[in-house]
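Hi there,

Here is the structure I promised to pass on to you. Have a look at it first, and then read on for what turned up.

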Amino acid sequence: MTNKTPDALDLRPWIEEVRALGELVEVDGADWNLELGAISELNVKRARPPALLFDRIPGYADGFRVMTCSTSSPARLSSILRLGHHDTHAGLVQALRGKPRQWQTQAPDYEPVDVGTGPVFENVASGADVDVEAFPAPLWHEKDGGRYIGTGCMVVTRDLDSDWVNVGTYRVMIHDRNHVGLDMIPGKHGAIQYDKHMKAGKPFPVAIVIGCDPLGYLISGIEVPFGMCELNYIGAILQRPVSVVKGQLTGLPIPSGAEIVLEGWAHPGDERIEGPFGEFHGYYPGKPATAPVVTIERVYYRDNPIIMGSPPAKPPNDYSYSKAVMRSALLIDALQAAGVPDVAGVWAHEIGGARMFNVVSIRQRYAGHARQAGHILNQCGVGAYMSRYTIVVDDDIDPSNMQEVMWAVATRSDPELDIDIIKRGMGSKNDPMSIAYPYKAPFNSKAIIDACRPYDFIDEFPEVAEASKELQQATLAKWHHILDK
Ligand SMILES: Cc1cc2nc3c(=O)[nH]c(=O)nc-3n(C[C@H](O)[C@H](O)[C@H](O)COP(=O)(O)O)c2cc1C
């Protein structure tokens with residue numbers, strides 16, 4: 001460990017960095033009621049969406065702000081991940097290769113450090129002063145079941161019978177001034193800890209971090225191994241420990257530079273209807289259902305606090321780009337760990353919410369290599385949940401370029417020979433297609449499409465009809481005044 005000074009996960013220096021990059025737009029006067037959400041949604045569908053910082057939100061004190069679109073560009077994402085400056089998608093993906101495995105290995109060395117106090121305690125509300133509705137939580141979309149204060153958030157919880165602290169990104173809906181609903185999908189680590197408490201009839205301690213350095217929710221929103229604390233993993237990325245303070249009520253660790261923290265307990269038997277809210281794949285699946293309620297007993301917040309917003313919607317959405325980048329890196333690591341050689345690249349496409357439509361490109365080495373890569377990508381620990389289409393292409397195809405990928409599918413695969421179906425795979429009750437499934441439990445089926453040139457005919461396969469890379473480069477250099485237009 002080089003730098004031992006703990007990092008408070010302060011959002012504000014990062015905002016200044018983004019401003020210096022020319023990637024911050026400040027928006028004054030947008031309404032929390034649908035307008036802020038619609039602006040953010042339209043913004044993220046642009047070619048190079050800036051980050052948005054909303055202020056002067058009608059009905060709220062000036063300075064009570066909301067940030068969105070924080071992770072939606074290569075430059076911002078590389079700065080969040082402390083990878084140096086990468087302005088291109090390809091540069092970021094290259095810089096990220098091998099990093100998740102390294103961070104995971106180093107995480108145990110970066111135990112968070114309790115610094116006693118910090119900016120998060122600038123304002124403390126307890127008892128009758130607790131009012132979650134004092135913050136401009138948006139109604140993001142017309143069909144949402146309520147106002148979601150927690151989207152780009154970190155939900156900190158503790159295990160019942162061990163010291164394990166988990167941090168997950170789970171959506172948080174406001175019920176009233178001191179109650180929020182928490183939606184944790186079964187099997188998620190927070191849900192496992194919650195279930196244990198409920199079975200033992202004990203209140204479940206919760207601290208919800210509503211805004212901080214976006215590295216916080218970026219890592220809470222990916223699959224960090226069972227039993228590992230995300231704060232350690234974040235420390236490995238920062239190469240220094242996270243600076244935390246202890247929640248006055250629960251003792252849970254909270255980044256000392258956090259913007260807003262809601263602390264309280266989910267009590268046994270206290271569940272209420274939550275949702276609906278869109279999902280990462282772009283639908284409102286299922287019907288509103290009951291979810292745990294957290295009774296908020298303390299609110300900590302900085303002066304002029306900032307809610308970090310990252311709502312789901314039809315992709316591309318607020319976090320689909322960062323999910324695609326992060327999950328692609330995790331999937332490459334998983335393929336390599338499983339012994340698949342010569343993986344040129346992986347891309348978990350935004351259109352499938354970075355889960356349902358994944359592509360791997362390989363340099364084919366032996367008969368069966370392509371199917372091996374496809375099946376493992378589809379079924380590995382990081383990849384199996386809700387995977388649907390997995391496509392394997394040769395290394396002359398850029399897996400992130402949909403035009404090239406579908407050209408390979410159209411021209412290098414034969415449906416009868418090259419599509420494998422896995423039945424009764426790992427699905428989800430949140431799958432929009434589950435409405436048409438015959439299963440009682442959340443299964444789905446999965447297709448692996450081998451769109452590589454057939455290995456047994458690889459030398460005879462027709463040549464690609466296009467200019468060579470050298471001719472293309474020479475032509476671009478000489479004729480850029482025509483071709484750059
Ligand atoms: C912005 C965002 C919102 C998310 N919302 C939810 C949610 O409401 N419920 C849920 O179970 N997972 C949600 N996820 C996915 C989880 O955060 C993710 O699966 C993570 O690995 C959960 O943490 P855990 O592995 O510690 O359980 C969300 C992810 C992101 C990035």
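A word on domains to begin with: the bounds used here come from an automatic or database domain assignment. This is a predicted model, in which local features need pLDDT of at least 70 and side-chain atom pairs count only at pLDDT 80 or more, while totals for chains, interfaces and linings use all residues. Residues are numbered from 1 along each chain as its sequence is written, and side-chain values use heavy atoms, with hydrogens and water left out.

The protein chain splits into domain 1 (11–308) and domain 2 (320–469). Their centres, taken over C-alpha atoms, are 31 Å apart. Where the domains meet, 27 residues of domain 1 are in contact (heavy atoms within 4.5 Å) with 24 residues of domain 2.

Now to the sheets. Helices (H or I, at least four residues) and strands (E, at least two) are DSSP runs, numbered from the N terminus, and two strands pair if DSSP finds at least two bridges between them.

β20 and β21 (residues 443–450) run antiparallel and are joined by six bridges; D420 has I448 in β21 as its bridge partner.

β4 pairs with β12 (residues 243–246) in the parallel sense over two bridges, and V113 has S243 as its bridge partner in β12.

Two helix pairs are worth a look as well. The axes of α4 (residues 89–96) and α9 (residues 320–337) come within 9 Å and cross at roughly 40 degrees. α4 and α9 are therefore oblique to each other (angles under 35 degrees count as roughly parallel, over 145 as roughly antiparallel, 65 to 115 as roughly perpendicular and the rest as oblique). H89, L92 and L96 of α4 make this contact with Y321, V325, M326 and A329 of α9.

In the other pair, the axes of α5 (residues 99–106) and α8 (residues 230–238) come within 8 Å and cross at roughly 120 degrees. P100, W103, Q104 and Q106 in α5 meet Y233, A236 and I237 in α8.

Finally, some backbone details. The peptide bond from G275 to P276 is cis, with omega near 5 degrees, and P276 sits in the loop between β14 (260–274) and β15 (289–301). Another cis peptide bond joins P315 and P316, with omega about 0 degrees; P316 is in the loop between β16 (306–308) and α9. R56, in the loop between β2 (51–55) and β3 (65–68), has a positive phi near 50 degrees and is a residue other than glycine.

Best wishes

Conventions: Axes are lines fitted to C-alpha atoms, for helices over the stretch in contact, and angles run from 0 to 180 degrees between N-to-C directions.
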